[in-house]
Amino acid sequence: MDGEIAVFTSTFDVPGQSAPRHGDSTLRFPGAERLGMFLAGAGPAVDQGYGERAGGPPGEGSPEIITVARRTPA
């Protein structure tokens, strides 16, 4: 899994302004493999990986990336 991109618009009111404001945002989420490499480079060790909250395996089409990591000794 290479990752996902989420694009969305937020609308909010600002006190003293007559019209609502709009903000466009883009979030980029790494895939499970890239996330594991990032964590390995940062220090934590990955213990488990899941693709959904019920504990199913990660993979293409998984709705989630759930990573269980532990702190490694310094």
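Reader: In what order do the elements of the protein chain run from the N terminus on?

Author: The model is a predicted one. Its protein chain contains four strands and one helix. Read from the N terminus on, the order of these elements is β-β-α-β-β.

Reader: Why is the protein chain described as more spread out than a compact globule?

Author: For 74 residues, the globule rule gives 11 Å. The C-alpha atoms occupy a box of roughly 55 × 35 × 20 Å along the principal axes.

Reader: What percentage of the residues count as buried?

Author: Buried here requires under 20% relative accessible area. The accessible surface of the chain comes to about 5900 Å², with 53% of that belonging to carbon and sulfur atoms. Of the 74 residues, the share that counts as buried is 8%.

Reader: Which residues form a nonpolar patch on the surface?

Author: Membership in a patch calls for over 30% relative accessible area, and nonpolar side chains are joined within 5 Å. The patch has about 270 Å² of accessible area together. Its members are F8, L27 and F29.

Reader: Does L27 count as buried, partly exposed or exposed, and what is its relative accessibility?

Author: L27 lies in strand β2, which covers residues 21-30. Partly exposed residues fall between the buried limit of 20% and the exposed limit of 50%. L27 therefore counts as partly exposed, its relative accessibility being 38%.

Methods. Residues numbered from 1 in each chain as written. Predicted model: local features only at pLDDT ≥ 70, side-chain atom pairs only at ≥ 80, totals over all residues. Heavy atoms only, no water. Patch = residues over 30% accessible without salt bridge, like charges linked within 9 Å, V, L, I, M, F, W, Y side chains within 5 Å. Areas by Shrake-Rupley, 256 points an atom, 1.4 Å probe, with all protein chains shown as cover. Salt bridge = Lys/Arg side-chain N within 4 Å of Asp/Glu carboxyl O. Helix = DSSP H or I, 4+ residues; strand = E, 2+ residues; numbered from the N terminus. Buried < 20%, exposed > 50% of the residue type's maximum accessible area, 1.4 Å probe, protein only. Rg over C-alpha atoms; globule rule 2.2 N^0.38 Å.
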